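Here is a short note for someone opening this entry for the first time. Please read the points with the structure in view.

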Protein chains: 2
Amino acid sequence: MQSVIDHLQQNEDSALEELFEFLSIQSVSADSAFQPEMQRCAEFVQQAMQRAGLSAEIIPTPGHPVVLGQRIEDPELPTVLIYGHYDVQPPDPLELWTSPPFEPVIRDGRIFARGATDDKGQLFTHLKSIQAWIETEGRLPVNVKFLVEGEEEVGSDNLDNYLESNREALAADVGVISDTSQYGDGIPAITYGLRGIIAAEVRLTGPSKDLHSGVYGGSISNPVNALAAMCGALIDSEGRIQIPGFYDGVSELSEREQSEFARLPFSEDDFLSETGSTATFGETGFSTLQRRWARPTCDINGIVGGYTGEGPKTIVPSKAMAKITCRLVPGQDPEQILNALQQFLQARVPPGIQMEFLRFHGCPAFGLDPDSPWMGAAGEAMQDAFGQPPVFIREGGSIPVVSSFQQILGIDTLLLGWGRNTDNLHSPDEHFHVCDFHNGTRASALLWQKLADLRKQASARTAEG
Amino acid sequence: MQSVIDHLQQNEDSALEELFEFLSIQSVSADSAFQPEMQRCAEFVQQAMQRAGLSAEIIPTPGHPVVLGQRIEDPELPTVLIYGHYDVQPPDPLELWTSPPFEPVIRDGRIFARGATDDKGQLFTHLKSIQAWIETEGRLPVNVKFLVEGEEEVGSDNLDNYLESNREALAADVGVISDTSQYGDGIPAITYGLRGIIAAEVRLTGPSKDLHSGVYGGSISNPVNALAAMCGALIDSEGRIQIPGFYDGVSELSEREQSEFARLPFSEDDFLSETGSTATFGETGFSTLQRRWARPTCDINGIVGGYTGEGPKTIVPSKAMAKITCRLVPGQDPEQILNALQQFLQARVPPGIQMEFLRFHGCPAFGLDPDSPWMGAAGEAMQDAFGQPPVFIREGGSIPVVSSFQQILGIDTLLLGWGRNTDNLHSPDEHFHVCDFHNGTRASALLWQKLADLRKQASARTAEG
């Protein structure tokens, strides 16, 4: 084991160099203009897997391809299904980046690039730990299947189909994903709960063209006014979402969770400076951590309509559009919430306006038992690598594949976060601390051994019993 | 007089050719990128005035320059102050134009170009009628001052200062403006009332950068949600504007006006096909003409915030912006309405959001006595040129200069519309009927004689008396 750790340390520079090559590929899945870069990125992942000692293939889907690497050492060993995604969020607004998003650089001990933490940098730790095992020991202590998709940032639309069609090929004992965060600087975390999500786009059309607001104003419904009224009614001044039935069945936090949340170090001042906000705001009666991890939301992610250039323009616009996502918590059904949102909006469409409602991906919230043995093994590996035991937390984001692993493949997933909430994921100047990259790689290498030990202990107990 | 009319007919083609040159200049005042074109357009107007027989100068302002042409024949003759504007609305969305907005063409008897009717084509009729008088008679029957500005589409911010500083140089007996419309096809109109306007832009800033909606959603005010709620509260489901005090002092229509409005030919079906709408909608209890001409409005002209590209993006946006205009009717004070709008919005800003409120131009509504002798003279000129008497109407748009002429120069203004409401002004495929251009030019030539006759009749009455 020590030789693996030593090998990792000796090869830190070349690992970073290889990661930089990965980060320089503009793999933006949301925008079809980046299609050739997506293909190039999949090929990079395949070759990196092969360099690490895995067999690897690119599997086409109706969208962006999946890359699957694997190495089966021995059917008696536990099999780990690692997941990551090579696609990244769109980099705009570009003018807010200190250095270009696809030209990775290290400043202040951090790697700056789109995808540095979400998820290229984090998934790369597992690839490097596998490579270190094979290059030093000639083998892995576990069997590995490594699945890297290209559609996580646009809803993983084709992943479930792929999982369903390849249940046997993907069969595993446990999932491992590093696409979450540490709880705080130097406080590693294992995430046992995630919020779900629904996403939609609402498009309104009023008059067939922009009209003069003097000649026609007041006599024709204005789709921007209508959209504002429709979307503006979604949340009241107490932060409560007004969609009928929205909170039906929502699981409240247990007393134990409430007290554990309250024990976690949390500074409202740090939170404000991290977000660049002057005040927190949310549903009345809940703390900031509760609002982020355990309460559902309704955010308008974007809105546009009419004239948005310089100066005034006196028109009644023809069209307006808004993108809406709701974060869900255990007890909420994505399909029901999407339907309720659509009905809520449709009921507010004024005469003369046509509404179109586009549904994007969705997934339910996710929860895992913090007392499972997998959790224990992961906790030990992280403690050894980071120098202190991880905390068990929930997170506000959604990783749809976690639900899919549970529902389709029947496995639990270890969510091991090497990054930090302050890494500007989805924002300009996204970054990943160099030390987190190396600690994460080390924790990953240790984890394969701990998972193998778990199986040995279980076998020993069986032999004794 | 007949020689003037004949001259106009003989020179129709060259007049159109010259107008096309005018329309090909991209004089978009709202966008500073078009600055050089604005200067080029002012020079074109100066040269066209000189060709017509006026002395002409370009007068700089802190914004776009004013062009002033004049010809004083005899201090005893009445003096007419003609007004027009050489600036045009932004042409976007460009993809909805059948032919490029600054490459004028004639299709189906119409001139298609941005500014064809608003206002280059209409103001050009007066220039051509003046030229015909001077080229055939060697003189005009009235004194003429011809003022053409470049900031009408962005609020004429510098015009009032110019008028106030040049009261004597601009002294006149009556104003003439062709920047309104006929009532319907072949029903020429004199407009005796206009709505006023206020215009503002509201900008919200929440977090200092776009945030991950999973990590932060629910705990920080979302500026797009906030803007939707603020703007969505402006109008209720009955079309009533909710700004406190908004309707205070609003002049109701007289019984005579109500019955005259009701007598005007108006087809709801034609109106719907003209606007490309499936239904009319507005303040409960008023007809479509009343809503357009005599009731105040509150339209959001544009809104933008967050991610508006393809696919979903799961962010809490940092910023949101909306542009708002209110059309005003007699009895409403622009400054008071702007203040009330700002207060209405400010009161709805949630914690953690900063609001910035930008004020653009504004002007009060305008009304004139339909029984004045100027109106009579204009009515006769239009009847002779168009072959039928004009109707006396109000219009929903705003022409701030009309209030300024009244308040600063102390003169009434004749609003003589040659264009049509269906000319797509402010929209893609703006156009101007070729026959309206020629009829307007003829009516203008006749008007100068009728205004001169009015003075002679008054003098004769004085001599008799």
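1. The model is predicted. Chain B is superposed on chain A by a rotation of 180° with 0.0 Å of shift along its axis, at an RMSD of 0.0 Å. That is the relation of a two-fold axis. Both copies use the same surface, since 100% of the contact residues of chain B recur in chain A.

2. In the contact between the chains, 83 residues of chain B touch 84 residues of chain A. On the chain B side, β10 (211–212), α6 (213–216), α7, α10 (288–293), β11, β12 (315–316) and β13 each supply at least two residues. The largest share, eight residues, comes from β11(B). By class, this side of chain B has 31 nonpolar, 39 polar and 13 charged residues.

3. How do the two copies of α7 meet? Helix α7 (residues 223–232) of chain A packs on helix α7 (residues 223–232) of chain B at an angle of about 115°, and their axes are 7 Å apart. Angles of 65 to 115 degrees count as roughly perpendicular, and α7(A) and α7(B) are therefore roughly perpendicular to each other. The crossing of α7(A) past α7(B) is left-handed.

4. The residues that meet in this helix pair are A:Ala228, A:Ala229, A:Cys231 and A:Gly232 on α7(A), and B:Ala228, B:Ala229, B:Cys231 and B:Gly232 on α7(B). Sorted by class, the contact has six nonpolar, two polar and no charged residues.

5. Is α7(B) mostly covered or mostly open? The helix is mostly covered, with ten of its ten residues buried. Among them are B:Pro223, B:Asn225, B:Leu227 and B:Met230. The buried residues of α7(B) pack against elements of both chains: α7 and β11 (299–306) of chain A, together with β9 (196–205), β11 (299–306), β13 (319–328) and α11 (334–346) of chain B.

6. A last point concerns A:Lys120, which lies in helix α4 (residues 120–137) of chain A. A residue counts as buried if 20 or more other C-beta atoms lie within 10 Å of its own; A:Lys120 has 28 within 10 Å and is therefore buried. Apart from neighbours within four places in sequence, A:Lys120 is in contact with A:Phe22, A:Leu23, A:Tyr86 and A:Gly115. A:Lys120 and A:Leu447 are 327 residues apart in sequence and 19 Å apart in space, C-alpha to C-alpha.

Definitions and conventions. Residues are numbered from 1 along each chain as its sequence is written. Chains are lettered from A and ligands numbered from 1 in the order in which they are written. This is a predicted model: local features need pLDDT of at least 70, side-chain atom pairs count only at pLDDT 80 or more; totals for chains, interfaces and linings use all residues. Axes are lines fitted to C-alpha atoms, for helices over the stretch in contact, and angles run from 0 to 180 degrees between N-to-C directions. Helices (H or I, at least four residues) and strands (E, at least two) are DSSP runs, numbered from the N terminus. Angles under 35 degrees count as roughly parallel, over 145 as roughly antiparallel, 65 to 115 as roughly perpendicular and the rest as oblique. A crossing is left-handed if the near helix is turned anticlockwise from the far one by less than a right angle, and right-handed if clockwise. Two residues are in contact if their C-beta atoms, placed from the backbone, lie within 7 Å. Ala, Val, Leu, Ile, Met, Phe, Trp, Tyr, Cys and Pro count as nonpolar, Asp, Glu, Lys and Arg as charged, and the others, Gly among them, as polar. Copies are superposed by least squares on the C-alpha atoms of residues with pLDDT of at least 70 in both. A residue is buried if 20 or more other C-beta atoms lie within 10 Å of its own, exposed if 12 or fewer, and partly exposed in between; C-beta atoms are placed from the backbone.
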